[in-house]
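Subject: Handing over the model

Hi there,

Here is the structure I promised to pass on to you. Have a look at it first, and then read on for what turned up.

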Amino acid sequence: MLPGERNRKETDVEYISTQERNKLLWSLRSDFAWAGKKIPENIEIDGEEYKLGDLIRELGEKGIINSNKVAEIKTIIPKLKEKAGANEKLLETEELTKTEAEALYEEATGLLRAVMELKDRLEGKGGEKGADEFKRMLNAQRLIDEKRWQELIKSLK
């Protein structure tokens with residue numbers, strides 16, 4: 001219990017508005033929602049605990065993946081996607097406080113980032129190459145956005 005919660009009434013709990021909910025959902029569904037998000041150290045799925053932080057650090061340090069580790073990663077990825085999807089569904093349908101909604105959003109984006117990291121490791125990507133590829137994609141998107149902006153300005157004249 002947080003300090004001061006003892007005297008707080010149930011009506012003092014601030015629930016997320018429809019506009020705030022839509023903003024979180026839109027952000028979660030965007031292409032790079034996971035960028036810059038923190039990967040959960042531990043996550044429990046179907047009663048089984050996964051140490052995502054340790055797994056991803058280990059893969060980054062060793063770089064070489066044996067067939068057992070590949071099989072483990074291939075079974076974890078769909079579970080992480082499913083958990084992120086479940087969080088998105090809860091965010092979309094349940095009456096949540098702002099704190100609960102933010103926690104669901106952060107966990108979902110962290111799981112999506114973990115999925116991307118694990119996929120990259122399976123494909124042999126990561127490290128500086130992965131960062132360079134991400135920068136290249138962002139720069140390409142900036143160019144597209146700039147062209148659209150210029151076309152809009154021209155159409156308004």
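A word on angles before the helix pairs: axes here are lines fitted to C-alpha atoms, for helices over the stretch in contact, and angles run from 0 to 180 degrees between N-to-C directions.

Please keep in mind that this is a predicted model. The protein has a mean pLDDT of 83, with 85% of its residues at 70 or more. Residues 1-9 are a stretch to treat separately: their pLDDT is below 50, and beyond near neighbours in sequence they have two contacts in the model.

**Helix 2 with helix 3**

Helix 2 (residues 52-62) packs with helix 3 (residues 67-93) at an angle of about 135°, and their axes are 13 Å apart. That angle makes helix 2 oblique to helix 3. The crossing in which helix 2 passes helix 3 is left-handed. On the helix 2 side, the contact is formed by L52, L55, E58 and L59, and on the helix 3 side by K69, I73, I76 and L80. By type, the residues of this contact are six nonpolar, no polar and two charged.

**Helix 2 with helix 4**

How are helix 2 and helix 4 arranged, roughly parallel or roughly antiparallel? Their packing angle is about 25°, with the axes 11 Å apart, and helix 2 and helix 4 are therefore roughly parallel to each other. This crossing is left-handed. Helix 2 contributes L52, L55, I56, L59 and G60, which meet L111, A114, E117, L118 and R121 of helix 4. Here the residues of the contact divide into seven nonpolar, one polar and two charged. If you put the two contacts of helix 2 next to each other, you will find L52, L55 and L59 listed in both.

**Helix 1 with helix 3**

Helix 1 and helix 3 pack at about 160°, their axes lying 9 Å apart, which makes helix 1 roughly antiparallel to helix 3. Helix 1 also passes helix 3 in a left-handed crossing. R21, L24, L25, L28 and R29 of helix 1 are in contact with E88, L90, L91, E92 and T93 of helix 3. Of the residues in this contact, five are nonpolar, one is polar and four are charged.

**Salt bridges**

The structure holds 11 salt bridges. One of them joins the side chains of E106 and K37, at 3.6 Å from N to O. E106 lies in helix 4 (residues 98-122) and K37 in the loop between helix 1 (18-29) and strand 1 (43-45), so this pair ties together parts that are 69 residues apart in sequence.

Terms used:
Residues are numbered from 1 along each chain as its sequence is written. This is a predicted model: local features need pLDDT of at least 70, side-chain atom pairs count only at pLDDT 80 or more; totals for chains, interfaces and linings use all residues. Side-chain values use heavy atoms; hydrogens and water are left out. pLDDT is the predictor's confidence in each residue, from 0 to 100. Contact means heavy atoms within 4.5 Å. Helices (H or I, at least four residues) and strands (E, at least two) are DSSP runs, numbered from the N terminus. Angles under 35 degrees count as roughly parallel, over 145 as roughly antiparallel, 65 to 115 as roughly perpendicular and the rest as oblique. A crossing is left-handed if the near helix is turned anticlockwise from the far one by less than a right angle, and right-handed if clockwise. Ala, Val, Leu, Ile, Met, Phe, Trp, Tyr, Cys and Pro count as nonpolar, Asp, Glu, Lys and Arg as charged, and the others, Gly among them, as polar. A salt bridge is a side-chain nitrogen of Lys or Arg within 4 Å of a carboxyl oxygen of Asp or Glu.
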